[in-house]
Amino acid sequence: MTTSTRRIAGALAAATVSHPEPDAVEGTSAVVGGLPEPRRISIALEDVSKVYPNGRRALADVDLAVPDGDFVFLVGPSGAGKTTLIKLLIRDEVATSGTVFVAGRDVSRLSRREVPKLRRRIGIVFQDYRLLPNKSVRENVAFALEVTGTPGRQIRPAVERVLALVGLTAQGDQLPTQLSGGEQQRTAIARALVHEPRVIIADEPTGNLDPLISWEIIQLLLRINELGTTVLMATHNAEVVTALRRRVVALEDGRVVRDEVGGYHREY
Amino acid sequence: MLRFLAFSIRRAWQGFWRNAVMSLAATITMTLMLLMLAGLVIGLSGMDAGLRFIEQKVEVQAFIADGVPQSRIDALVAQVRALPEVSEVDYLDKQQALAQWQEQLRQQGQPDYSSETGTNPIPASIQVKLKDPHVYGTVIQTLQAAQGVVTDVLETQHVVDALLSVTGFLRTAGVVVLGLVGITVLFIVVNTIRLAVVARSEEIEIMRLVGASDAFIRWPFIFEGVLVGLLGAAVTLGILALAAQPIGQGVATLIGQVPIQFDRNLAEELILVVVGAGLALGGVGAAISVRTYLIR
Ligand SMILES: Nc1ncnc2c1ncn2[C@@H]1O[C@H](COP(=O)(O)OP(=O)(O)OP(=O)(O)O)[C@@H](O)[C@H]1O
Ligand SMILES: [Mg+2]
């Protein structure tokens with residue numbers, strides 16, 4: 001993706017500020033694989049900087065557009081700002097300047113009441129799984145729907161559907177402590193998927209897993225992506241990134257230094 | 001809405017039992033605090049009963065000249081009784097007054113010489129009880145105006161005023177102490193509940209990440225706080241019920257003559273105070289504790 005298309009995407013995303021229905025950012029011409037096709041923008045950052053209260057500049061002038069259905073790797077050395085970028089997307093932190101669009105929403109303009117609604121449009125996966133230790137796999141996944149007030153009769157089929165997708169139907173009644181790391185991460189992915197988000201954002205989902213299990217998790221995320229969900233994944237896993245030949249966005253010192261389809265290029 | 005309530009109550013129940021040690025600690029703290037409040041309420045209502053008893057003693061006394069015809073005395077009594085600020089008028093004739101005086105002497109263990117003189121030196125009197133010890137109205141003027149009948153009106157107004165300012169001060173002090181203790185108790189309870197909330201901060205974090213609205217995070221904790229409050233109140237009332245008998249006796253021997261009664265009124269008041277305070281402290285304490293996690 002070239003700088004100019006990125007600008008276009010950013011401008012389009014920015015235009016939705018005054019748009020009455022910000023959910024429908026139609027007509028973007030994202031160039032992927034050389035073929036222009038109209039697609040909506042899942043994630044758009046325009047001139048985004050983030051300076052933490054202690055003065056540390058974690059992101060500087062970041063532009064990034066991720067069309068619906070993309071699979072994007074976010075790479076870079078430790079401290080490059082990957083986690084910071086993800087925190088901006090899920091509104092855990094607010095950008096110091098610039099605009100951040102996720103699923104058609106200007107994230108920095110959300111009121112307190114709207115933040116939960118944004119998070120229900122995103123599935124979030126972390127390196128450390130973040131499962132509730134005293135709830136079973138099923139309960140952990142169902143929890144994501146319960147806390148959003150979903151009726152009980154809708155919860156059960158939705159939970160079974162995602163458990164089947166991640167291949168954990170048989171382990172549904174086990175507690176997280178009775179699962180392998182890979183199974184715990186699959187539980188977390190099931191939880192992120194259960195409310196059918198448009199975007200899955202994963203921060204080093206394979207960081208705690210051995211190579212073989214990491215591949216399983218990546219395969220799972222690829223399958224989810226094939227089913228139509230946009231995936232943004234921060235990772236240090238050079239082998240995976242190089243092998244898959246997907247879009248790679250590289251951050252260094254808070255700046256985007258590379259944004260192209262291809263490999264890891266450099267050992268971080 | 002119903003689903004929300006069901007969810008919150010179920011979560012509160014689970015939260016209470018899954019952190020049983022924390023919940024127990026919170027309940028014990030709550031119980032101790034409620035006992036303290038209840039003790040204070042009992043003390044204050046005892047003091048109030050005592051003060052009311054003392055205030056009832058306030059009365060206006062008029063001495064009647066010897067040899068006044070009974071009809072004029074009756075007329076004066078009727079006139080005073082008709083005054084709006086008067087609650088009760090008693091007439092003691094000379095014999096009754098003497099008998100009462102002799103009775104007092106005997107109680108104090110002093111020798112009684114009155115029977116030896118053969119005459120009765122004690123005047124008849126009218127005792128006027130007031131509805132409100134602060135309001136004398138025209139009682140004293142009315143009595144003094146009855147010249148030839150009344151020899152003397154016992155002027156106790158300044159003594160009474162001093163007494164009333166003391167009792168008023170004691171009452172105000174009681175309310176202030178109750179308020180201060182209430183605030184202290186709230187702080188202690190909030191801190192205890194906060195410990196329980198901190199222990200579950202990860203859970204709150206996960207709820208936020210999966211898109212739980214503030215209400216869904218807050219209310220289970222509030223219900224859990226209310227549960228702690230109710231349990232604490234129940235235990236407190238149980239302890240009070242067991243202790244009521246010995247305390248009642250202790251107080252009775254302590255303040256012999258003053259008839260302080262731990263009657264049904266006080267019992268109802270206590271139940272109301274303890275349950276109300278338990279609910280409010282638990283709910284408000286929990287609400288304050290989760291607030292820190294919601295503002296971000
Ligand atoms: N809350 C914070 N306050 C201050 N500085 C922070 C905070 N969070 C992160 N930083 C700083 O911002 C920079 C970027 O951090 P970030 O966590 O985004 O890096 P990262 O790319 O995720 O690194 P890693 O690969 O090790 O996870 C770092 O220098 C870090 O020290
Ligand atoms: Mg990181």
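Biologist: Why is A:Phe71 called buried?

Modeller: A:Phe71 has a relative accessible area of 3%, and since buried means under 20%, the value falls on the buried side of the cut-off and A:Phe71 takes that name. Please keep in mind throughout that this is a predicted model.

Biologist: What makes A:Phe73 count as buried?

Modeller: The reasoning follows the cut-off of under 20%: the relative accessibility of A:Phe73 is 0%, so A:Phe73 counts as buried as well.

Biologist: How many aromatic pairs does a search of the whole structure find, and why is the pair of A:Phe71 and A:Phe73 called edge-to-face?

Modeller: Over all chains, the search finds six aromatic pairs. In the pair of A:Phe71 and A:Phe73, the ring centres are 5.2 Å apart, which is within the 6.5 Å needed for a pair, and the planes stand at 65°, which is over the 60 degrees that edge-to-face requires; the pair is therefore edge-to-face.

Biologist: What makes B:Trp13 and B:Trp17 an aromatic pair that is edge-to-face?

Modeller: B:Trp13 and B:Trp17 pass both tests: their rings are 5.7 Å apart, centre to centre, against a limit of 6.5 Å, and the angle between their planes is 70°, which is over 60 degrees. Both residues belong to helix H1 (residues 2–18) of chain B, and because they are four residues apart there, about one helical turn separates them.

Biologist: Why is B:Trp13 called partly exposed?

Modeller: The relative accessible area of B:Trp13 is 49%, and since buried means under 20% and exposed means over 50%, the value falls in between, so B:Trp13 is partly exposed. Elsewhere in chain B, the residues B:Phe4, B:Phe7 and B:Phe216 form one aromatic cluster.

Biologist: Which elements give two or more residues to the lining of the second largest cavity, and how much space lies in it?

Modeller: About 70 Å³ of space lies in the second largest cavity. Residues from two chains line it, among them A:Arg119, A:His195, B:Leu209 and B:Val210. The elements that give two or more residues to this lining are E8 and helix H6 (181–193) of chain A, and E8(A) gives the largest share, four residues.

Biologist: Which residues line the largest cavity, and what classes are in its lining?

Modeller: The largest cavity, with a volume of about 90 Å³, is lined by residues including B:Met22, B:Ile193, B:Phe221, B:Glu224 and B:Ala286. Two or more residues of this lining come from each of H2, H7 and helix H9 (214–254) of chain B, with H9(B) providing the largest share, four residues. By class, the lining holds eight nonpolar, two polar and one charged residues; B:Glu224 is in the lining, and it counts as charged because Glu belongs to that class.

Biologist: What is the volume of the largest pocket, and which residues lie nearest its centre?

Modeller: The volume of the largest pocket is about 560 Å³. Of the 25 residues in its lining, B:Glu59, B:Gln61, B:Gln100, B:Gln104 and B:Gln127 lie nearest the centre. The lining as a whole divides into 13 nonpolar, seven polar and five charged residues.

Biologist: Where do the domains of chain B lie in its sequence?

Modeller: Domain 1 of chain B takes in 2–54 + 163–294, and domain 2 covers 59–155. The C-alpha centres of these two domains lie 51 Å apart.

Biologist: How many residues has chain A, and what share of them count as buried?

Modeller: Chain A has 268 residues, of which 55% count as buried, and its elements are eight helices and twelve strands. Among the contacts in chain A between residues at least 6 apart in sequence, 68% join residues at least 24 apart.

Terms used: Residues are numbered from 1 along each chain as its sequence is written. Chains are lettered from A and ligands numbered from 1 in the order in which they are written. This is a predicted model: local features need pLDDT of at least 70, side-chain atom pairs count only at pLDDT 80 or more; totals for chains, interfaces and linings use all residues. Side-chain values use heavy atoms; hydrogens and water are left out. Domain bounds come from an automatic or database domain assignment. On a 1 Å grid over the protein atoms alone, a cavity is a set of points where a 1.4 Å probe fits but cannot get out, and a pocket is an open set with protein on both sides within 12 Å along at least five of seven lines; lining residues have an atom within 4 Å of a point. Grid points are joined across faces, edges and corners, and a volume is the space filled by probe spheres set on the points. Rings of Phe, Tyr and Trp (its six-membered ring) pair if their centres lie within 6.5 Å; planes under 30 degrees apart count as stacked, over 60 as edge-to-face and the rest as tilted. Buried means under 20% relative accessible area, exposed over 50%, partly exposed in between (1.4 Å probe, protein chains only). Contact means heavy atoms within 4.5 Å.
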